[in-house]
Amino acid sequence: MMALERPAPIRRLDKLPFVFMAMLAVAGAWSLTAVTDENLRVVVGSIPVLATMIVLFYLAGPAAYIAVTKTHVVVANPMVRYDVPRTIVDGVQGNSRLNIELRVLGHSPIDISALIPGVGGGHRLTVAQYERRLRAILELMEETPMVATTGPVVRKWRQGHVLLVVACLMGIIASIIYLAAGSPFGL
């Protein structure tokens, strides 16, 4: 039996989101260990805010990836995923150090978020790093054998990420209501 080949994705692996996610997780764990009767309401009310910040750093960091399969180039930006048949891919272009795009025949270019910095801004990406990222996707496309397929560009919402953002917003709203209900000013 033959093992299925999985595409090797290129992820946005900036260090800053990972550092902040770890710091916020430690802060949340520490706040839970320091719960007393006097600060219970504040600690419980702050957990959704910490969780939301962790989710936002995840979306700004490792949530974006690009993968090349035999039939498609998959560009998964934090909230939207594009499945592009390889036969209509017209290459990769970089307009500036803040923008690397997949050129597609008959379609507007698709930003490749996995190859540009997320948190920290574009000023942290040097010319050499930019060229290395641009070369990485070109090499991945050259190294992966292609099977000719046809079809349109499929654009899908990344439903898990959308639900995660909605859950965080609902958590923050519930947290505000919970904190306001216990304040001396009331609702």
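How many bridges join strand S3 (residues 72-76) to S4? The tour below leads to the answer.

This is a predicted model, in which local features need pLDDT of at least 70, side-chain atom pairs count only at pLDDT 80 or more, and totals for chains, interfaces and linings use all residues. Residues are numbered from 1 along each chain as its sequence is written, and side-chain values use heavy atoms, with hydrogens and water left out.

Begin with the whole chain. Four helices and eight strands are present; helices (H or I, at least four residues) and strands (E, at least two) are DSSP runs, numbered from the N terminus. Their order along the sequence is β-α-α-β-β-β-β-β-β-α-β-α. Of the 187 residues, 36% count as buried, a term for under 20% relative accessible area, with exposed being over 50% and partly exposed in between (1.4 Å probe, protein chains only).

Next, select residues 80-85, strand S4, where five of the six residues are buried.

Five bridges connect S3 with S4, and the two run antiparallel; strands are said to pair if DSSP finds at least two bridges between them. A hairpin of three residues links S3 to S4.

Then select residues 154-157, strand S8. S8 is also antiparallel to S4, with four bridges joining them.
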